[in-house]
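Open the model in your viewer and keep the selection panel at hand. Each stop says what to select and what is there.

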Amino acid sequence: MVDISCVGMDKYFGDTPILLDINFEIYEGRHAGLVGKNGSGKTTLFRVLTGEYGFAKGSVVIAKGKRLGMLDQTPKFSPGDTAEDVLRTAFYEVDRIAREMKECEEPMAAGDKYAIRRYGELSVQYEVAGGYEVETDLNKVCNGLNIGKEMREKSFALLSGGEQTRVNLARLILERTDILLLDEPTNHLDMSPLRWLEDYLAE
C-alpha cells in the first residue's frame, strides 16, 4: 500500500521555482531519507506533504485514513506553555473523550439511558485511543529522550534549541501518527536519545 504519492509536482514561491517535476512513492512500513543542500527545498517538500503549502501543478496524495505528523525545526506554542503543556498536546483526542465522559456522569446518575449508552461508547473510544496508557507512554518517551522532570516544568520558550527539539520530537511520537516526517531530527541529540530514536523508528 502506498502511504505517500507525489506525481509531477511543481512548487514556486512567487516566480521562483523551488521544486520541479517531483515524483516518488513511499510504501507503508518503509523508511526513506531525503538528502540535499541547505535551501534546496527539503522542508518545503515536507510542508507541501502536510498541506501547509500549496503547489502549482501535479498531485500529492496521502493514503486515506493515515495521519501524518511533522517534526518542525521551529515549533510554535503559546508563550506561557511549559514543556509539559507542549508534551500533553499529543493527547488532545484522549482529553476530548475524557471531557465528554465527564459530562455524561451527572445524567447517568439520574438514570438517563442515552447518557449511559454514550458513556459506554466513549469508554471504548478512550481505551482504543490509549487513554489508560497516557502516563506510561509519556514517561517512557520522556525517559528515552532524556526529558527529565525539571525540563518538563520549565517554560518551553526558555528551553535551548536542542531541548525544544527533544520535547517536540517526544510530542510527535506520543501523537501516534501513522506517518512521521522528521526534519533534521538528530540535531542536538546526544548518543543516548539518538540510539533510543533509532530503536523506536526500527520498531
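The tour goes from the whole chain to the sheet, then to a helix pair and the salt bridges.

**Before you start**

This is a predicted model: local features need pLDDT of at least 70, side-chain atom pairs count only at pLDDT 80 or more, and totals for chains, interfaces and linings use all residues. Residues are numbered from 1 along each chain as its sequence is written, and side-chain values use heavy atoms, with hydrogens and water left out.

**Stop 1: the whole protein**

Show everything as a cartoon. The protein has eight helices and five strands. Both kinds of element are DSSP runs, numbered from the N terminus: helices are H or I with at least four residues, strands are E with at least two. Trace the chain from the N terminus, and the order reads β-β-α-β-β-α-α-α-α-α-α-β-α.

Along the principal axes, the C-alpha atoms fill a box of roughly 65 × 40 × 35 Å. Of the 203 residues, 38% are buried. Buried means under 20% relative accessible area, exposed means over 50%, and partly exposed lies in between (1.4 Å probe, protein chains only). Among contacts with a separation of 6 or more, 64% are between residues 24 or more positions apart. A contact means heavy atoms within 4.5 Å.

**Stop 2: the sheet**

Select residues 2–13, which are strand E1. Two strands count as paired if DSSP finds at least two bridges between them. Strands of a sheet pair through backbone hydrogen bonds, either parallel or antiparallel.

Where does the chain turn between E1 and E2? Look at the hairpin, which has two residues between the strands. Gly14 takes a positive phi near 65° there. Eight bridges join E1 to E2. For one of the bridge pairs, select Tyr12 and its partner in E2, Pro17.

Now move to the other side of E1. Five bridges join E1 to E3. Pick Asp10, whose bridge partner in E3 is Lys57. Then pick Val7, which stands opposite Ser59 in E3.

**Stop 3**

Axes are lines fitted to C-alpha atoms, for helices over the stretch in contact, and angles run from 0 to 180 degrees between N-to-C directions.

Next, select helix H5 (residues 134–144) and helix H8 (residues 191–202). Their axes come within 8 Å and cross at roughly 130°. That makes H5 oblique to H8. The scale is this: under 35 degrees is roughly parallel, over 145 roughly antiparallel, 65 to 115 roughly perpendicular, and the rest oblique.

Show side chains at the crossing. Lys140, Val141 and Gly144 in H5 meet Ser192, Pro193 and Trp196 in H8. By class, the residues of this contact are three nonpolar, two polar and one charged. Ala, Val, Leu, Ile, Met, Phe, Trp, Tyr, Cys and Pro count as nonpolar, Asp, Glu, Lys and Arg as charged, and the others, Gly among them, as polar.

**Stop 3: the salt bridges**

How many salt bridges does a search of the whole structure find? There are 14. Each is a side-chain nitrogen of Lys or Arg within 4 Å of a carboxyl oxygen of Asp or Glu.

- Select Glu84 and Arg88, where N to O is 2.8 Å. Both lie in helix H2 (residues 83–88), four residues apart. Glu84 is buried at 18%, and Arg88 is partly exposed at 30%.
- Select Lys102 and Glu105, with the closest N and O atoms 3.5 Å apart. Both lie in helix H3 (residues 92–109), three residues apart. Glu105 is partly exposed at 36%, while Lys102 is exposed at 57%.
- Select Lys149 and Glu153, with the closest N and O atoms 2.6 Å apart. Both lie in helix H6 (residues 149–153), four residues apart. Lys149 and Glu153 are exposed.

End at the network: select Glu93, Arg96, Glu100, Arg118 and Glu121, which salt bridges link together.
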